Amino acid sequence: MTAAPLLAVKNLRLSVRGDEGVARILDHVELALPRGEILGVVGESGCGKSTLARAVLGIFAKAATIESGEINFEGEDLLRLSDREMTRRVRGRRIGFIPQDPYLALNPVFKIGAQLLAALRWHAPPQLKGEAARRAELIGLLRRVQLPEPEATLERYPHQFSGGQRQRLMIAGALAARPALLIADEPTTALDVTTQLQILKLLKSLTQEYGIAMLFVTHDFGVVAQLCDATTVMYAGQTVETGPTAQLLADPRHPYTQALLACHPDRSQTLSGIPGQVPSPLAPPPGCRFTPRCRHAAEVCSRRPARLVRDAPAHFVSCRLADERQGVQHA
Amino acid sequence: MLAFIVRRLLLVIPSLAGLLVLTFFLIRVVPADPAAALAGENATPAQIAEIRRQYGLDQPLYKQFGVYLTQVARLDFGESAYSRRPVAVDIKQRLPATLELTIAALVFATLAGIPLGTLAAIYHNRWPDTLLRILSVGGVAIAAFWFAIELQLLFAMDLGWLPLRGRLSPGLTAPPVLTGFFLIDSLLAGRLDVFTDALRHLILPAFTLSLGGLATITRFTRAGVLETLQKDFVTYERAQGFPPRALIWKFVLRNSVVAAVTQIGLLFGSLIAGAVVVETIFDWPGIGFYTVQAILTADTKVMLAVTLLIGVIYAIVNILVDVVHGLIDPRLRDDG
Amino acid sequence: MLVLAKFAKDKPAVLGGLIVLMVVGIAILAPLLAPYPGDVSASHLLMRLKPPSWEHPFGTDNLGRDILSRVILGARGALMIALMVVGISMAIGVPLGLVAGYTHGWVSEAIMRVTDVFLAVPQLILALALAQLMGPSLQSAMLALTLTYWPFFTRIVYAETRRLSASLFIDALQCIGAGTLRILFGHILPNAISPIIVRATIGMGFTILVAAVLGFLGMGATPPDPDWGLAIAESRQYLPEAWWFSTFPGLAIFLTVLGFNLLGDGLRDIVDPRLRRSR
C-alpha cells in the first residue's frame with residue numbers, strides 16, 4: 001500500500017427529497033486523490049459531478065441527506081464535521097474552490113478587493129498578519145495569475161472584468177490561503193476556447209508550483225488528457241471507472257467510458273451519441289445504472305451493486321465484464 | 001453619476017405635467033360653477049359675476065390653464081380660507097413637522113424591517129417566518145387611526161409614559177428654527193431638555209406611521225434575501241469559507257435590499273396618507289393635519305397646493321431611490 | 001386540485017380564508033346573530049358607557065347601545081361598501097386595461113398615463129378630496145373609493161394583456177381570424193383572471209380600511225349607522241374611561257382586513273410565488 005491519499009471518497013450515497021419524491025443523486029461514488037496530483041472527474045451533465053464537488057466542501061441542498069459513505073481529507077472524515085468546523089477549518093482554508101461560471105460567482109455589489117480580502121481575513125495562513133500583509137500577498141497572487149494592474153483590480157467591481165479575467169480572480173482567491181486541495185467545477189466551460197487553454201495552463205503550472213492537489217470536474221476528455229494524472233468516470237451518480245489518465249484513455253474498460261470516448265469529436269468521424277437517455281435519479285434502474293443503454297448488458301447487471309474491481313494495475317472498473325475477467329463473485 | 005441623476009429628473013417631467021392637468025381639471029372643470037363655490041353660499045349673482053371676472057373664470061380654458069401655470073410657478077396659491085394666511089407660508093411652516101415625522105417613521109421601518117426580513121428568510125418556512133408573515137400582513141391590515149388611539153390609551157392615558165399629543169410640551173418653547181426639525185434644532189441650540197421632550201412626543205406617532213412601511217420592507221427584504229441565497233456567488237462565498245453570519249448580514253444583504261429600497265419609494269404614498277391620519281390624532285402640526293382641515297372646510301387652494309406638493313415630493317423621493325440604487329449596485333451606475 | 005392542496009398547506013392563507021368566511025357569515029346572518037338588533041337606531045341613555053359584562057360582552061356606547069350588536073351589524077355595511085367599490089373598479093379597470101394592453105397608439109398611451117397619475121397621488125388624499133367635492137355621504141365615499149381604485153386593475157390587466165398578446169397562441173388565434181372581442185374576453189381575460197382575483201381580494205381589505213378612515217374623518221357613513229370607523233371617531237371623546245368603545249370596532253376592522261390580506265397573500269403565492277406583499 002502507498003501512503004494514504006489526500007482525499008478519498010468511499011461509497012458515497014446522497015439523495016435529495018423533492019416535491020416529486022426522493023432523487024438518488026449519488027449512488028456509490030469512489031475516488032482517491034494523492035497529494036499534489038490532479039484527478040479528473042468526467043461525466044455527462046446531470047451525472048452528479050457538481051454535487052460531488054460540493055459534497056466534498058460540505059455544501060448541500062437543504063433537502064439533501066447523506067445515506068452512507070466517507071469523505072476522508074487529511075486524515076479526517078469531512079462528513080463528520082459540523083458546518084461550523086467546515087467553515088472554520090476546511091472551506092477556503094484547506095480546500096479552495098473554483099466555480100463553473102465566473103460571471104455568476106462574484107458578488108456584483110462588492111469590490112473585488114472586499115471579496116477576496118474578506119476570505120483572506122478569515123483564512124490566511126498565520127504568517128500573514130495584518131491587512132497590509134494580506135493585501136500585498138493578494139496583489140502578488142493577482143500578478144502571478146497574470147492580471148494586469150493588480151492594485152487597481154482590487155478597487156474594481158466584477159462587471160468590469162471579462163470572463164477569463166474573472167476566472168483568474170477566482171483562481172487567485174482559491175489559492176490565497178495556500179490550500180492543500182483545489183476543487184475546480186468545470187472552470188473553463190463558460191469561457192471561449194482560447195481563454196480555456198490559457199486558464200488550463202495557468203492551473204497546471206500553479207498546482208505544480210505550490211504542490212496543490214486538484215479535483216478537476218469536467219465533461220471533456222480533451223481537457224482531462226491535457227491536465228489530469230488520473231481520471232474517474234461517473235455515470236448517473238455512480239463511479240464506473242477510474243485509473244491513470246493515459247491508460248484509461250488508451251484502454252477504456254467500462255462500456256460507458258468506451259461509448260463516451262467513441263463519440264468524442266476528436267476521435268469519431270461522424271457525429272454519434274449513446275442511444276437512450278441518462279435515467280432520472282427519481283427512478284434509477286437497479287444495479288448498474290448504465291444497464292438500459294449498455295451493449296453488453298446481461299441479466300446479472302440489474303442485480304450487481306456498484307462496486308469498483310481492480311481490472312488492471314491501478315485501474316478499477318465497476319462492471320460485470322471486469323468481474324468475469326477477474327473472477328470476482330458478487331454477493 | 002450626475003448624468004444618471006439628470007436622466008432621472010427628466011423622466012419625472014411627464015408625471016408632473018399630468019398632475020398639473022389633473023389638478024386643474026379638479027378645481028376648474030369638475031365643480032359646476034367654481035365662481036359660485038368660491039363666493040360662498042350667500043353670495044349674490046353680482047358678487048359671483050365679480051369673482052368670475054376677478055379670477056379669470058370667464059376666460060377660455062386654455063388661458064385659464066396658462067394663468068394657473070404661472071401661479072404655480074410663482075408658488076402663488078392665494079390665501080387659505082381656514083387660516084387666513086398665504087398657503088405657501090402655511091406650508092413652509094408646517095412642512096418640517098411632517099418631514100420630521102415621516103423620516104423618523106421611515107428610518108425606524110428600515111432599521112427594523114431589514115433585519116426582520118432577513119431573519120424571516122433565514123428561518124424560511126419555519127415558525128419565525130410564519131409568525132413574521134402574519135405580523136407583517138397584520139401591519140398593513142391595521143387601521144392606523146385606531147392603532148394610534150389604542151397606543152394613546154395605553155402609553156399616554158393609562159401608563160402615562162409618553163405624551164398624548166403635540167410636538168412639544170406646553171411649557172417648552174420651540175428651538176430657534178434652523179432646519180425646522182425639533183430633534184436637530186434643539187441639539188444645535190444645546191437644549192437637551194427640548195430634545196428629550198421632542199423625542200418623547202415623536203415616538204408614538206412615528207411608530208404608528210411606520211407600521212405599514214415596516215411590514216412592506218420586512219417582506220421585500222425577505223423575498224430579496226431568499227432570491228439572493230439562490231445565487232451562484234453565495235455558493236462560491238460559502239465554498240470560500242465565509243462564516244454564515246458575515247455571509248448573510250453583509251454579503252447577501254447588500255444584494256437583497258435593492259427590492260426593499262424600491263419599496264421605500266412606493267411607500268411614500270401610504271406614508272403621506274398615514275401622516276394625514278396620524279397627525280390628526282396626535283395633533284401634530286404638520287401638512288397632514290393641515291390637509292384634513294383644508295378638506296373638511298373645502299379649502300380648495302390648500303388642497304391644490306398640498307396635492308402638487310405631494311406630487312413633487314413623490315418625484316424627489318423616487319429620484320433619491322434611484323440614486324440609492326446606484327450607490328448599492330455599481331452596475332446601474334455605469335450603464336443605466 | 002393541485003392548487004387546493006397547495007393552498008391547504010399554507011397555514012396563514014387558510015387562517016385568512018377562515019376569517020373571511022366567518023366575517024361573510026356574520027354579515028349575512030347579522031340580524032339573527034346580534035343580541036340587540038334594534039340597537040342600530042335605538043338608544044338607552046340609562047345604559048350609557050357600560051363596561052363589558054355578560055349582557056353586553058363588548059360594553060355599551062355613548063347612547064347605551066350594545067357594541068357587540070353594532071360591531072356585528074357593521075360587518076354588513078363594511079362588506080357591502082368593499083364589494084361595490086371593488087366590483088365597480090373591476091368593471092371600469094379591467095376593460096380599460098384590456099384595451100390599453102391589446103392596442104398600440106394614443107388611446108393606450110392616454111389610458112396608461114391617466115392611470116399613472118392616479119396611482120401617483122396618495123389614494124386616501126384623493127378619496128378624501130373627491131368625497132368632499134361631491135359632498136360628504138356614504139355614496140360619495142364609495143364613488144371616491146372607486147375612482148381611486150380602478151387604476152390598480154387597469155395596470156395589472158394591462159401588464160398581463162401585453163404579456164399574453166405577445167405569446168404564440170394569441171398569434172395563432174389572430175391568424176385563424178378570431179375576432180378581437182373574442183380574443184380579449186375569450187382568451188386573454190381568462191388567462192389574466194388569477195392576478196385579478198388576487199388584487200380584488202387584497203382590494204377588499206384595503207377598501208374596508210380606507211372606508212373606515214373616511215368614516216372616522218366624517219366623510220363616509222353618518223350616524224346612526226353602525227359603521228366601525230364612525231364608532232371609533234365617536235369614542236374619542238369618552239377616552240380613556242370607555243376603552244371598549246374604540247377597541248372592539250377597531251379589532252373588527254383589523255380582523256376583517258387581516259383575513260382578506262392573508263387570503264390574498266396566499267393566493268398570490270400560488271399565482272406568483274416570487275413576490276409576497278400586500279396592498
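In the predicted model, Thr242(A) has Phe316(A) of strand S12(A) as its bridge partner. The two strands concerned, S10 (residues 238-244) and S12 (residues 315-317) of chain A, pair in the antiparallel sense over two bridges. Both belong to an open sheet of eight strands in chain A, arranged in the order S6-S7-S8-S3-S9-S10-S12-S11 with mixed pairing. Strands S6 (95-98) and S11 (309-312) of chain A form the edges of this sheet, each pairing on one side only. From one strand to the next, the twist averages 20 degrees.

Within the sheet, strand S3(A) lies between S8(A) and S9(A) in the strand order. With S8 (residues 213-218) of chain A, S3(A) pairs in the parallel sense over five bridges, and Val41(A) stands opposite Val217(A) of S8(A). Pairing with S9 (residues 230-235) of chain A is also in the parallel sense, over four bridges; here Leu39(A) has Ala230(A) as its bridge partner.

Strand S3 (residues 38-42) of chain A is largely enclosed by the rest of the structure, because five of its five residues are buried. Ile38(A), Gly40(A) and Val42(A) point one way from the strand, whereas Leu39(A) and Val41(A) point the other way.

Helix H7 (residues 163-175) of chain A lies across S6(A) and strand S7 (181-185) of chain A, and runs at about 170 degrees to S6(A).

At the level of the assembly, two pairs of chains touch, and the most contacts are between chains B and C. No contact joins chain A and chain C, whose closest C-alpha atoms lie 11 Å apart.

Methods: Residues numbered from 1 in each chain as written. Chains lettered and ligands numbered in written order. Predicted model: local features only at pLDDT ≥ 70, side-chain atom pairs only at ≥ 80, totals over all residues. Contact = placed C-beta atoms within 7 Å. Buried ≥ 20, exposed ≤ 12 C-beta atoms within 10 Å, placed from the backbone. Pairing = 2+ DSSP bridges. Axes fitted to C-alpha atoms, helices over the stretch in contact; angles between N-to-C directions.
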